[in-house]
Amino acid sequence: MFFPHSLPFLSFSFNLLVVALEEKIIVSKLGDNATLSCIYRGRELRLKNLRVYWQIADDQEECSVVHALISGQDNESEQCIHFKNRTQLFWDRLEKGDFSLLLLNVSQSDEHTYKCVVLEKTEYTRVIHQAEVVLSLAASYSQPILSGPIRNSDSTGEEVTFSCRSDNGYPEPNVYWINKTDNSHLPPSELKITPHTDGTYSVFSTLKVKGNSNMQIECSIENKILRENLSANYTQQKQSNSSSTESHKNLEKNGRGAQAAGIVSIVILIGLLAVLTCWLWRRRSSKHVSYTGNE
């Protein structure tokens with residue numbers, strides 16, 4: 001009789017004599033469903049002659065059975081409690097040789113190397129296919145928030161502090177500080193990575209440098225598993241004294257021009273009112289004379 005706990009020994013023996021071992025690496029995000037691939041590309045099969053075992057291959061724990069299919073029926077008698085009600089085979093694909101496993105709501109504790117072993121029983125039981133799948137988990141970090149000194153302030157020669165924060169990612173990230181004027185990397189003054197109850201991390205880092213009039217600093221958060229690199233940039237370009245003086249002169253000039261235009265507008269308005277008043281007075285006087293003459 002074939003027992004799941006004897007799988008590592010049997011699969012190794014058959015591996016030398018019968019079938020090569022396929023290996024794949026898949027990446028899934030925390031909380032998503034992951035499909036562990038196991039596909040036999042030979043002839044069509046009859047389910048009643050098959051035994052399919054999914055097991056944890058990289059851990060020597062007492063329980064290693066993730067999912068078992070025996071003679072066309074799921075067998076939960078030796079399934080690990082951690083995987084109860086979290087695994088499914090694709091029933092419409094089994095007879096075509098697709099023994100992939102759907103693992104629901106993955107978490108950090110699911111990061112393992114999984115082994116799929118397919119046995120067929122005819123005159124005797126033999127391994128016809130086996131595969132390994134490495135499951136890596138990840139979660140995207142939030143867009144980093146970069147804080148620095150007030151822009152256009154005179155901090156030349158003084159020590160200034162930048163801070164960078166990003167949240168809810170997995171696994172632990174790489175954090176880079178970059179001087180964008182020459183693309184050189186700067187060592188962080190502080191780096192703190194905080195784990196959360198849901199398994200994700202927050203990262204907080206600071207950078208202390210001497211200020212100058214043209215600071216261009218970038219904070220970059222790298223998630224190697226997802227191949228994501230999120231960055232935030234700080235740029236300070238201080239105005240020169242000559243340009244500031246010129247700008248001040250222009251403001252004064254524009255102010256004087258606006259004041260003169262306002263005075264001219266008031267004078268024109270007073271003139272119009274005077275003309276209108278004079279015209280109304282003359283019209284009223286002519287009507288009075290005309291009325292008196294008729295009498």
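Which residue lies over the face of phenylalanine 90? Select arginine 93: arginine 93 is 4.2 Å from the ring centre. A charge counts as over a ring if NZ of Lys or CZ of Arg is within 6 Å of the ring centre and within 35 degrees of the ring normal.

The model is predicted, with local features needing pLDDT of at least 70 and side-chain atom pairs pLDDT 80 or more, while totals for chains, interfaces and linings use all residues. Residues are numbered from 1 along each chain as its sequence is written, and side-chain values use heavy atoms, without hydrogens and water.

Next, the aromatic pairs. Rings of Phe, Tyr and Trp (its six-membered ring) pair if their centres lie within 6.5 Å; planes under 30 degrees apart are stacked, over 60 edge-to-face and the rest tilted. The count is three aromatic pairs. Select phenylalanine 83 and tyrosine 114: the ring centres are 6.3 Å apart and the planes at 80°, so this pair is edge-to-face. Both residues are buried (under 20% relative accessible area, with exposed over 50% and partly exposed in between; 1.4 Å probe, protein chains only).

Move to phenylalanine 162 and tyrosine 234, another edge-to-face pair, with centres 5.0 Å apart and planes at 75°. Phenylalanine 162 is in strand β11 (residues 159–169) and tyrosine 234 in strand β17 (residues 228–237), 72 residues apart. Strands (E, at least two residues) are DSSP runs, numbered from the N terminus.

Last, select serine 202, in strand β15 (residues 201–210). Serine 202 counts as buried because its relative accessibility is 5%. Its side chain makes a polar contact of 2.5 Å with that of histidine 196 (N or O atoms within 3.5 Å; within protein, one must be able to donate a hydrogen and the other to accept it, and residues adjacent in sequence count only if both atoms are side-chain atoms).

Methods:
Helices (H or I, at least four residues) and strands (E, at least two) are DSSP runs, numbered from the N terminus.
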